[in-house]
Amino acid sequence: MPTPIIKIDAISKSFGTFKVLDGLSMQVMPGEKLALIGPSGSGKTTILRILMTLERIDGGHIQIDGEQLYHMERNGQLLPADERHLTRMRQKIGMVFQLFNLFPHKCVMDNVTLAPMLTKGTPRAAAEKRAMELLEMVGMADKAKSMPAQLSGGQKQRVAIARALALSPKIMLFDEVTSALDPELVEEVMNVMRKLAAETDMTMLLVTHEMGFAHDFADRVLFFDRGRIVEEGKPDEIFRNPKQERTQGFLKKIIAAGHRV
Ligand SMILES: Nc1ncnc2c1ncn2[C@@H]1O[C@H](COP(=O)(O)OP(=O)(O)OP(=O)(O)O)[C@@H](O)[C@H]1O
Ligand SMILES: [Mg+2]
């Protein structure tokens, strides 16, 4: 039995008095492509931000790749992680956000090479070679010298994907990477993501409101409501034959709003 690459164990998280997550547990196997779906405010982004160490947890444990994320093991005891531990753990994970936050004053190539050169000490030549391969993969090689302002939203998002991949994370997190795009640009980014999902053995977590995309992308779908997993299963099970009333209601609403499932 292989060990999970992500093991979330009874985590809780509040913002002020509002409890977003209350004892959430879930596991992700290496190479798995997971889609997280659910109504607005159900905690999907919070989970990704916690994994990316952009938010702290109030309780519980998270293991990434066999190591504690927010704790350090010292003499058989679990102590809160220090900044050095978090920095090291963070390198295992890459994230792409809804709003492609590229460095506006750097060209596409520099956007992709900067982090490997600064955080991993990769020599420029090697970083640029890898960057070209990644830009090739996302169909942006011919724009390597362009500035972000000269790119469409879809192109920026494809560069943002290449930039996150440049650090060779074991786990990639995608939070609604198509929802800020004009409709005609959504498909090009989805195509890159589908290709990525099919071709790499990286573990990927995708949050999306596009159910058709979740269906194509994922091996497993988790339906969240109010910080809890209401139902999980293979895409066909969740989308064609949901068992829980809340999942059925959610999908009905999505279809009524004109989305493809
Ligand atoms: N920094 C914050 N401060 C206060 N409340 C927050 C903060 N971040 C999230 N929340 C609240 O936590 C809940 C979960 O938010 P989250 O962004 O994780 O939901 P989501 O499932 O990603 O929703 P959406 O589909 O709209 O993106 C929401 O009620 C939100 O208002
Ligand atoms: Mg969100």
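Trainee: Which residue in β2 is the bridge partner of S14?

Mentor: The model is a predicted one, and in it strand β1 (residues 6–15) pairs with β2 in the antiparallel sense over eight bridges. Within this pairing K13 has its bridge partner in β2 at L21. For S14, the bridge partner in β2 is K19.

Trainee: In the hairpin of β1 and β2, which residue in the turn has a positive phi?

Mentor: The two strands, which pair over eight bridges, form a hairpin that leaves two residues between them. With a positive phi of about 60°, the turn residue in question is G16.

Trainee: What stands opposite D9 in β4?

Mentor: Strand β4 covers residues 59–64 and pairs with β1 in the antiparallel sense over five bridges. Opposite D9, the residue in β4 is H61.

Trainee: In the hairpin of β4 and β5, which residue takes a positive phi?

Mentor: Two bridges join β4 to β5, and the strands run antiparallel, with Q63 having Q68 as its bridge partner in β5. The hairpin they form has two residues between the strands. The positive phi, near 55°, is taken by D65.

Trainee: Why is one side of β2 and of β5 left without a neighbour in the sheet?

Mentor: Four strands form an open sheet with antiparallel pairing, and their order is β2-β1-β4-β5. In this order β2 and β5 (67–68) are the strands at the edges, so one side of each lacks a neighbour in the sheet, the reason being that each has a single partner strand.

Trainee: How many bridges join strand β6 to strand β7?

Mentor: The two strands cover residues 71–74 and 77–80 and run antiparallel, and in β7 the bridge partner of M72 is L79. Their hairpin has two residues between the strands, and N75 takes a positive phi near 50° there. The number of bridges that join β6 to β7 is four.

Trainee: Which element gives the most to the shell around ligand 1?

Mentor: There are 13 residues around ligand 1, and those that come nearest are S40, G41, K44, T45 and T46. By class, the shell divides into four nonpolar, seven polar and two charged residues. At least two residues of the shell come from each of β2 (18–28) and α1 (44–51), and the element that gives the most, with three residues, is α1.

Trainee: Which element gives the most to the lining of the largest pocket?

Mentor: The largest pocket has a volume of about 580 Å³, and of the 19 residues that line it, M52, I93, M95, A115 and L167 are the closest to its centre. Two or more lining residues come from each of α2 (83–90), β8 (93–96), α3 (108–119) and α5 (153–165). The lining as a whole divides into 12 nonpolar, five polar and two charged residues. The element that gives the most to this lining, with four residues, is β8.

How values were computed. Residues numbered from 1 in each chain as written. Chains lettered and ligands numbered in written order. Predicted model: local features only at pLDDT ≥ 70, side-chain atom pairs only at ≥ 80, totals over all residues. Heavy atoms only, no water. Near = heavy atom within 4 Å. Nonpolar A, V, L, I, M, F, W, Y, C, P; charged D, E, K, R; others polar. 1 Å grid on protein atoms, 1.4 Å probe; cavity = no way out; pocket = protein on both sides within 12 Å on 5 of 7 lines; lining within 4 Å. Points joined across faces, edges and corners; volume = space filled by probe spheres on them. Pairing = 2+ DSSP bridges.
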